[in-house]
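Here is a short report on one protein model. Look at the structure first, then read on.

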Amino acid sequence: MDLDIDEASAAFRDEARDWLASHVRSLPSMDTADGFEAHRAWEAELAEARWSVVSWPAEYHGRDASMLQWLLFEEEYYASGAPGRVSQNGIFMLGPTLFAHGTQEQRDRILPAMATGEQVWAQAWSEPEAGSDIAALRSTAVRTDGGWLLSGQKTWSSRASFADRAFGLFRTDREAERHHGLTYFMADLRAEGVTVRPIPQLDGEAGFAEIFFDEVFVPDEDVIGEVGQGWRVAMTTANNERGLSLRSPGRFLAAADRLVDLWRDHGASPSTRDRVADAWIGARAYQLYTFGTVSRLAEGGELGPESSVNKLFWSHLDVELHETALDVLGPAAETDRAWVDGYLFSLAGPIYGGTDQIQRNTIAERLLKLPREARR
């Protein structure tokens with residue numbers, strides 16, 4: 001692991017910090033129609049200055065930045081209090097999948113509009129009978145002239161209420177065993193046969209939606225990877241969600257620093273001192289772990305099942321950090337929207353991207369090589 005920041009990367013970090021300081025502003029919630037469009041415009045502004053996808057090639061609005069530089073940008077982004085990324089499903093999950101498994105035509109067609117926010121992507125993974133156990137999915141794709149007809153229901157689809165397109169797995173071979181006969185598709189949420197039903201949350205906003213596909217036509221050029229090999233492609237998406245892209249250390253470093261400031265501003269009580277310190281240490285530990293991952297990737301390594309260890313760590317760190325903040329605030333926490341919202345969102349961490357139980361099974365079977373759990 002190389003912890004030294006070279007001169008070029010330090011200059012890159014300073015440039016990002018200066019740009020963010022002069023451009024960051026507060027936006028309405030992305031889970032409302034108006035807020036969604038405001039966030040889309042923010043993505044376009046980022047892309048125009050080539051801050052949207054810094055590690056991507058220049059032809060896709062990137063800067064060809066190194067992974068270290070990407071991490072530094074993420075740290076500056078969160079430290080500045082910049083808006084959440086409405087394009088995160090695309091740029092952090094589908095984008096890396098297209099780089100790994102997509103065709104040149106797909107990358108040239110999809111990535112530029114993804115980087116600018118012109119096309120915002122939703123996830124189409126979970127189903128009523130297939131949540132973390134995604135291999136149990138029942139949605140199907142049937143061959144037709146020039147493409148496929150998609151049918152079925154997806155649920156808890158993030159960003160789907162207002163998104164333009166979606167990506168996910170569909171079963172193309174009903175006779176194949178669980179992890180086989182699946183194919184990875186990209187679909188237009190405005191296409192004939194698609195019905196999107198928003199799912200209101202406790203605050204009344206629709207951060208998720210159900211998606212119903214009724215023989216929705218998808219052309220062959222919107223299949224990622226080989227037909228029937230969707231599970232392999234999906235693992236690239238899942239590993240990026242769990243292991244690096246979706247939850248970079250910058251998010252937790254900024255929150256931990258805010259927590260320390262909060263603790264000091266509220267009397268620096270000894271009763272919460274150790275928990276505040278543990279949260280701060282946890283955020284730094286995650287940062288160092290990620291530097292190690294980046295060093296390994298730079299030497300030609302790949303994200304693998306160890307991303308499940310990563311996901312367990314950051315999802316519980318997030319909960320513990322926000323619980324500590326609420327305890328520091330005491331009764332005043334009821335009126336602190338930022339920390340309460342952060343806490344409520346953190347509770348989803350041990351569920352989305354694969355539940356804790358799924359992650360522990362993966363660690364046991366694929367990392368520790370323990371006997372597989374018998375399937376009933």
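## Gln201 and its surroundings

Start with Gln201. Leaving aside neighbours within four places in sequence, Gln201 is in contact with Asp31, Ala206, Gly207 and Phe208. Contact here means heavy atoms within 4.5 Å. Gln201 sits in the loop between β6 (194-199) and β7 (208-219). Strands are DSSP runs of E with at least two residues, helices are runs of H or I with at least four, and both are numbered from the N terminus.

Gln201 counts as partly exposed, because its relative accessibility is 30%. The cut-offs are these: buried is under 20% relative accessible area, exposed is over 50%, and partly exposed lies in between (1.4 Å probe, protein chains only). Gln201 and Pro112 are 89 residues apart in sequence. In space they are 32 Å apart, C-alpha to C-alpha.

## About the model

This is a predicted model, in which local features need pLDDT of at least 70, side-chain atom pairs count only at pLDDT 80 or more, and totals for chains, interfaces and linings use all residues. Residues are numbered from 1 along each chain as its sequence is written, and side-chain values use heavy atoms, with hydrogens and water left out.

## Two positive phi angles

Most residues other than glycine have a negative phi. Asp64 is not a glycine, yet its phi is positive, at about 55°. Asp64 lies in the loop between α2 (33-48) and α3 (67-79). With 53% relative accessibility, Asp64 counts as exposed.

Arg159 also has a positive phi, near 70°, and is a residue other than glycine. Its loop runs between β3 (147-158) and β4 (165-171). Is Arg159 buried or exposed? Arg159 is buried, with a relative accessible area of 11%.

## Helices α7 and α10

Helix α7 (residues 249-265) packs against helix α10 (residues 337-346). The angle is about 135°, and the axes are 13 Å apart. The two helices are therefore oblique to each other. Oblique covers the angles left over once under 35 degrees is called roughly parallel, over 145 roughly antiparallel and 65 to 115 roughly perpendicular.

Which residues make the contact? From α7 come Arg251, Ala255, Arg258, Leu259 and Leu262. From α10 come Ala338, Trp339 and Phe345.

## A recorded domain

UniProt, in an unreviewed entry, places the feature "domain: Acyl-CoA oxidase/dehydrogenase middle" at residues 122-216. Such annotations may be inferred rather than shown by experiment. The span 122-216 is 0% helix and 51% strand. Its end C-alpha atoms lie 16 Å apart.

How values were computed:
Axes fitted to C-alpha atoms, helices over the stretch in contact; angles between N-to-C directions.
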